[in-house]
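Have the sequence and the 3D view side by side, and let's walk through this structure together.

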Amino acid sequence: MTYLVRLIKFAGLACLLGSLTAPAAAKERRLSYAEELGPLLLLAEPRFDRLQGELRVCEEHARRACPGAKISLIVGEQVRQLVVAADGRVEIPIERELAERGAQLWLQKPDGAPTCQILANVTAKVPAGLEWRYRDLSAFSEQLQAYLNHGAGALSLFAPRLRGLLIRFEAGHAAHLVIHANAGEIALQSTSGELRLPIDKRLLEENPAVSLSTPALSIDGWLDD
């Protein structure tokens with residue numbers, strides 16, 4: 001399900017926020033850093049200390065880099081080409097100073113390349129290791145929800161409500177998560193590299209240990225019906 005709020009454009013999620021789905025069909029395009037990444041600057045506030053922002057340059061409707069696409073950061077007369085990972089993630093600093101200095105994003109792609117899109121995303125900071133606590137996972141969900149509410153502003157009552165967390169793993173690897181609750185272990189299995197974890201208030205009070213069979217790549221908000 002996709003929710004759109006202009007201040008922060010929520011594109012389905014995992015908190016996909018600024019989606020420049022103005023699909024980049026042209027060979028090159030320059031975009032305002034402040035306009036595309038401005039909402040991510042809010043993450044500098046202490047109340048969002050468990051969240052992080054990211055930028056992706058992806059093939060439209062796919063979680064992979066747009067073939068042959070390049071993206072550069074322009075600040076004044078300086079042009080720096082940014083590294084784009086296989087899944088489209090871009091290594092880019094998210095800083096208020098860059099927005100204030102009028103920085104631009106310069107997207108280039110070769111002839112014949114498919115339509116690209118730029119996505120600004122908010123995810124949880126993945127904890128190290130394979131052993132977590134349930135309350136830490138709940139804290140991710142609470143901060144993601146608070147971020148959604150802030151983006152909706154006066155319409156926060158109508159902001160989408162998270163059902164839990166969407167934990168992603170490396171493609172092609174089956175993964176499972178086990179909640180070691182007092183009443184018995186609760187095992188969840190991934191499907192197509194994704195695992196959906198509902199947040200249960202009773203488990204939050206108990207705060208059991210949570211173990212993973214393999215490292216998680218990312219933790220997003222789960223909004224689906």
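Let's start with a term: a nonpolar core is a set of buried Ala, Val, Leu, Ile, Met, Phe, Trp, Tyr and Cys residues joined through side-chain atoms within 4.5 Å. Buried means under 20% relative accessible area, exposed means over 50%, and partly exposed is in between, using a 1.4 Å probe and protein chains only. A quick word on what you're looking at: this is a predicted model, where local features need pLDDT of at least 70 and side-chain atom pairs count only at pLDDT 80 or more, while totals for chains, interfaces and linings use all residues. Residues are numbered from 1 along each chain as its sequence is written, and side-chain values use heavy atoms, with hydrogens and water left out.

Now for the core itself. The largest nonpolar core has 52 residues, and Tyr33 and Ile71 touch the most other members. Helix 3 (residues 134-152) gives the most to this core, with 6 residues. Helices here are DSSP runs of H or I with at least four residues, strands are runs of E with at least two, and both are numbered from the N terminus. Zoom in on Tyr33: leaving aside its neighbours within four places in sequence, Tyr33 is in contact with residues including Leu73, Ile92, Pro93, Ile94 and Leu98. Contact means heavy atoms within 4.5 Å.

Step back to the whole protein chain. Of its 225 residues, 48% count as buried. The protein chain holds 4 helices and 15 strands. Among contacts between residues at least 6 apart in sequence, 73% join residues at least 24 apart.

On to the sheets. Strands of a sheet pair through backbone hydrogen bonds, either parallel or antiparallel. Two strands pair if DSSP finds at least two bridges between them. Strand 4 (residues 70-75) is joined to strand 5 by 4 bridges, and Leu73 has Arg80 in strand 5 as its bridge partner.

Another open sheet has 4 antiparallel strands in the order 9-14-11-12. Here strand 9 and strand 12 (184-189) are the edges, each pairing on one side only. Strand 9 (residues 131-133) pairs with strand 14 (residues 209-212) over 3 bridges, and Glu131 is partnered by Ser211 in strand 14. Strand 14 is also joined to strand 11 (residues 176-181), by 4 bridges, with His180 opposite Ala209.

Finally, find Glu54 in strand 3 (residues 51-59). Is Glu54 buried or exposed? Glu54 counts as buried because its relative accessibility is 13%. Its side chain makes a polar contact of 2.9 Å with the side chain of Arg56. A polar contact is a pair of N or O atoms within 3.5 Å; within protein, one must be able to donate a hydrogen and the other to accept it, and residues adjacent in sequence count only if both atoms are side-chain atoms.
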